[in-house]
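Work through the exercises below with the sequence and the structure at hand. Try each task before reading its solution.

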Amino acid sequence: MSLILFAFVVRVRDGLPLSASTDFEHNRELQERKQQLKTISKALALFPERFAVKGQELNIYLVSSEGVSYMSVCHCSIPTAMAFCFLEDLRWEFTACYNHSVVSLADRPYPFLEFDCTIQKLKQQYNHKGGPALQVTLAEVQDDLRLRPPQFLTLEEVELSNGSANGHVEQSAASGQSIKLEPVSATGILSLVLNIMCASLNVIRGVHLIEYTFQDDYDGAWNVVAFLVAFLCCLLQCHLYVFHSRLKAAKSFALLCAIVLCNVFLRGRRNAWQIAFHVGVASLSTALILRRKVQDRSDDCGV
């Protein structure tokens, strides 16, 4: 029975896969653990530098050092010290082959697939010979674990930390990875142009009205506020369409309501056609904001 089934090396800052072992087992739990490794790699900044995740028969072990994270899926019967000793050996082998600058400049997934040969040799050493060649290494790891015990997490805690309940992971600023939206459509470009036009009309009317308001009509100050609020809402609609944002639906509906209320308030300054134009552009932008989804990404690059 294999004690170490899978090994995975990723870059910490953005979760870029650097290398992985080739496995020929089709264990259902193994496939689940591999998927969880990829999920964890997207939010490494949320986790400690060394921890373990307990599963039913297969556990996950992880060590991060110098901007690179080393992960493995091991059978639950393997001693914790042995699992972390394997990761330490993996770390030493990887740093001996690739320096920090090479890792930093990597720009595509799995640029060091040739390192799989080294991973396979290490796995064979641990699976068939019962551990590392130098027992002093295991003793050092055992002493270190006694001084600094690793944190043990449950699968539920990992999913909660990654926000995987809704199928997407929110990246922290430290992870350096942003969520990509679907490409902008022709209709989307049209809505952006119209929104900018509406914003320009609002700010021009508002600034023009300020001069007369402070000279003759102080009661018209609320009209200035309405123009400027409508101007700001138009710009925020453009931002919501171009960039991903949490609570996008609630924000877009709030902006639409604000634009409608501002134009209703300005009915003395605008005719029915002008109000219909501004409300129509805002409604079109809201619909396109809600329709633009997060772009699907393929995490498995054939390894």
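**Exercise 1.** Find which residues R270 touches, leaving out those up to four places away in sequence.

Solution. Step 1: this is a predicted model, and R270 is found in the loop between α9 and α10. Step 2: beyond four places in sequence, R270 touches L201, N202, R205, F227, N263, I275 and H278. Step 3: one of these, H278, also meets R270 in a polar contact between the two side chains, at 3.3 Å.

**Exercise 2.** Decide whether R270 counts as buried or exposed.

Solution. Step 1: the relative accessibility of R270 is 5%. Step 2: buried means under 20%. Step 3: R270 therefore counts as buried.

**Exercise 3.** Describe how helices α9 and α10 are placed against each other.

Solution. Step 1: two packed helices are described by the angle between their axes and the distance between the axes. Step 2: the axes of α9 (residues 248-265) and α10 (residues 272-291) come within 10 Å, and they cross at roughly 180 degrees. Step 3: angles over 145 degrees count as roughly antiparallel, so α9 and α10 are roughly antiparallel to each other. Step 4: on the α9 side the contact is made by K248, A249, S252, F253, L256, I259, V260 and N263. On the α10 side it is made by I275, H278, V279, A282, S283, T286, I289 and L290. Step 5: sorted by class, the contact has 10 nonpolar, 5 polar and 1 charged residues.

**Exercise 4.** Give the strand order of the open sheet of 6 strands and name its edge strands.

Solution. Step 1: the order is β2-β1-β5-β4-β3-β6, and the pairing is mixed. Step 2: β2 (17-20) and β6 (151-154) each pair on one side only, and these are the edge strands. Step 3: on average, neighbouring strands of the sheet are turned by 20 degrees against each other, direction ignored. Step 4: helix α4 (residues 116-129) lies across β1 and β2 and runs at about 145 degrees to β1.

**Exercise 5.** Follow the pairings of β4 and β5, and state how many bridges join β4 to β5.

Solution. Step 1: β3 and β4 pair in the antiparallel sense over 4 bridges; F51 has L62 as its bridge partner in β4. A hairpin of 3 residues joins β3 to β4. Step 2: β4 and β5 run antiparallel and are joined by 8 bridges, with S65 opposite V68 in β5. These two strands form a hairpin with 2 residues between them, and E66 in the turn has a positive phi of about 55 degrees. Step 3: β1 (residues 4-11) and β5 (residues 68-75) pair in the antiparallel sense over 7 bridges, and the partner of V10 in β5 is S69. Step 4: β4 (residues 58-65) is mostly covered, with 7 of its 8 residues buried.

**Exercise 6.** Locate P48 and decide how it is classed at 29% relative accessibility.

Solution. Step 1: P48 lies in the loop between α1 (28-41) and β3 (50-54). Step 2: its accessibility of 29% falls between the cut-offs of 20% and 50%, so P48 counts as partly exposed. Step 3: not counting residues up to four places away in sequence, P48 touches L62 and Q151. Step 4: P48 and S64 are 16 residues apart in sequence, and their C-alpha atoms are 8.2 Å apart.

Methods
Residues are numbered from 1 along each chain as its sequence is written. This is a predicted model: local features need pLDDT of at least 70, side-chain atom pairs count only at pLDDT 80 or more; totals for chains, interfaces and linings use all residues. Side-chain values use heavy atoms; hydrogens and water are left out. Axes are lines fitted to C-alpha atoms, for helices over the stretch in contact, and angles run from 0 to 180 degrees between N-to-C directions. Angles under 35 degrees count as roughly parallel, over 145 as roughly antiparallel, 65 to 115 as roughly perpendicular and the rest as oblique. Contact means heavy atoms within 4.5 Å. Ala, Val, Leu, Ile, Met, Phe, Trp, Tyr, Cys and Pro count as nonpolar, Asp, Glu, Lys and Arg as charged, and the others, Gly among them, as polar. Buried means under 20% relative accessible area, exposed over 50%, partly exposed in between (1.4 Å probe, protein chains only). A polar contact is a pair of N or O atoms within 3.5 Å; within protein, one must be able to donate a hydrogen and the other to accept it, and residues adjacent in sequence count only if both atoms are side-chain atoms. Two strands pair if DSSP finds at least two bridges between them.
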